[in-house]
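Here is a short note for a colleague who is meeting this structure for the first time. The points below go from the overall chain to one of its sheets.

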Amino acid sequence: MRRSEFLASVVAGLTGGALLPHVLHAETRGVPAWPTENPGDDQFWTFLRDQFPLSHERAYLNTGGLGASPYAVIDAVKAKMDELEQVSETGHADELLLELKTGAAALFGCRTEELAFTRNTTEGINIVANGLPFAPGDEVILTTHEHIGNAATWVALEKVKGIVLKRFEPSTASSEENLARITGLLSPRTRLIAIPHVVTTTGLVMPVREICTLARSRNVWSFLDGAQSAGMMPFNLHDIGCDAYATSGHKWLLGPKETGFLYVRKEMLDTVTAHHVGAYSAGEFDFLTDKYLPHPTAQRYEYGTVSIPLRVGLGAAVAFIRRIGIEEIWKRDRALADRLYEGLKEIPDVVLLSSPDARLRSAMTTFMHKRRPHLELQKHLDTFNLRTRSVTEGGLEALRISTHVYTSFDEVDRVIAGVRTA
Ligand SMILES: Cc1ncc(COP(=O)(O)O)c(C=O)c1O
C-alpha cells in the first residue's frame with residue numbers, strides 16, 4: 001500500500017472526500033511506499049516512522065509528555081482549516097462530531113454518547129471533580145504519584161469544598177499490594193477513588209478493573225486518569241467498570257495539541273453535573289422560561305465555539321491508531337520498553353523504578369543513577385540527542401523514557417549506551 005493510500009484509508013469517512021487532495025499532495029514529501037502490511041515486520045515500523053515529520057536527529061522519548069503527530073493528522077487539521085477559512089464557518093456539524101466520537105468509542109470500549117471532547121486530561125479531571133456532589137468531609141483516595149493535573153484539581157477542591165484527600169504510595173511489587181493499600185484507606189466517608197490508569201512516574205499499570213469492582217462494591221465512585229493509557233494499550237472502559245475516565249489526544253493518541261476525551265458512564269451523567277455550559281451543552285433550552293435540560297449525552301460537558309480542525313485531527317489520530325491496531329502498538333511499545341529495561345538492568349549504577357514484574361510495566365521506563373543526579377544525567381543524555389523526561393512527582397528524582405510507534409530499537413540501544421557512559 002502506498003503512503004497516500006494509507007493516509008486516505010486513515011481519513012476515509014472522517015470528512016468525506018474533502019481531504020483526499022491534501023492527502024495525495026502529501027505524497028510529494030517523498031516518503032517511500034509502504035512495503036508490507038504486516039506490523040510484525042521491521043519494514044512496517046520503518047515505513048510507519050516515515051509517516052511522521054519528527055526529526056531523525058534527536059531520539060524523541062517523551063511521548064508521555066507530548067506525542068508527535070503523523071502527517072495524516074497534520075494534513076487533516078490543515079485541510080479542514082483551509083476548507084473552513086475559505087467560507088469563515090466554524091464547521092460545527094453534529095454528524096461529523098458524532099462520527100469522530102464513534103471511532104474513539106470503538107477504541108475505548110464505550111458508547112459514543114458517553115464521550116465528550118475536551119482540551120486535555122486536566123480539563124476532564126476538572127469537570128469530574130467539580131461536577132460530583134461532594135460534601136465537606138467526603139474522602140477521595142489518590143496515589144502519592146499523581147501528575148499535577150490529577151493533584152492540583154483535588155487539592156483545590158479540598159480548599160473549596162472541604163473534601164479530605166487520602167493518599168497511598170503505588171507499589172511496583174504487585175497488584176494485590178495496591179488493592180490492599182486502597183482497601184486500607186476506605187472508610188464510611190470515602191466517596192471516590194481517583195487514580196491513574198498508568199502511573200506517570202514509573203509507568204506502573206494499575207489493576208483498574210479490580211479497583212473499580214472494589215469501589216462499586218463499597219458504593220464508592222471511581223475515576224481514572226487515563227493520560228498515559230489511551231493510544232498506548234488496549235482496554236475496554238465498560239469492562240474496567242470505571243465511572244469516569246479522562247485522557248489527552250496529544251500524548252499516545254498522537255493527535256493535535258489541546259485535544260482530549262472525557263468518558264462518563266451513561267448512568268453517571270446526571271451525577272456529574274456540568275458547570276461550564278453554553279452552546280451545545282443543552283438538550284433543551286429556553287431563556288425566556290428559564291428552561292435548561294442538559295444534553296442527554298456527554299456532550300453536556302462541551303460548550304461554546306471550538307476548533308473543528310483540531311477535532312478532525314483528533315479523529316484522524318484515532319483512525320491512525322486503529323489502522324495500525326492498538327494490540328500491535330502495545331506489543332511494539334512494550335518490546336521496546338522491555339529491551340530498555342533489560343539493558344539498563346545490566347548497568348551496575350542504575351536503579352530501575354519501573355516494576356520488576358513485566359506484567360505491571362507499560363511503555364514508560366523510569367530509572368535513576370546512583371552517582372549522577374537525574375538532571376545531570378538528563379544533560380548527559382542530551383549530548384547523545386536523546387529527549388528524556390525528568391520525573392519529580394512523588395518526590396522522585398529520576399528519568400523517564402517513553403517508547404512509542406516512532407521509536408526504534410537503535411534509539412533504545414542509544415539510551416542504554418548513553419547511560420552506560422554516564
Ligand atoms: C497521569 C497524567 N495525568 C494528567 C496529565 C496532564 O495532561 P494534560 O496536560 O494533557 O492535561 C499528565 C501529563 O503528563 C499525566 O501524565
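**Notes on the fold**

1. Of the contacts in the protein chain with a separation of 6 or more, 71% are between residues 24 or more positions apart, two residues being in contact if their C-beta atoms, placed from the backbone, lie within 7 Å.

2. This is a predicted model, in which local features need pLDDT of at least 70 and side-chain atom pairs count only at pLDDT 80 or more, whereas totals for chains, interfaces and linings use all residues. Residues are numbered from 1 along each chain as its sequence is written.

3. The protein chain holds 14 helices and 15 strands, which are DSSP runs numbered from the N terminus (helices H or I, at least four residues; strands E, at least two). Its radius of gyration, taken over C-alpha atoms, is 22 Å, close to the 22 Å that the globule rule (2.2 Å times the number of residues to the power 0.38) gives for 422 residues, so the chain is as compact as a globular protein of that length.

4. Buried residues, those with 20 or more other C-beta atoms within 10 Å of their own C-beta, placed from the backbone, make up 47% of the 422 residues.

5. Seven strands form an open sheet with mixed pairing, in the order β2-β8-β7-β6-β5-β3-β4, where two strands pair if DSSP finds at least two bridges between them. Because β2 (115–118) and β4 (164–168) each have a single partner strand, they stand at the edges, and one side of each is left without a neighbour in the sheet.

Definitions and conventions
Buried ≥ 20, exposed ≤ 12 C-beta atoms within 10 Å, placed from the backbone.
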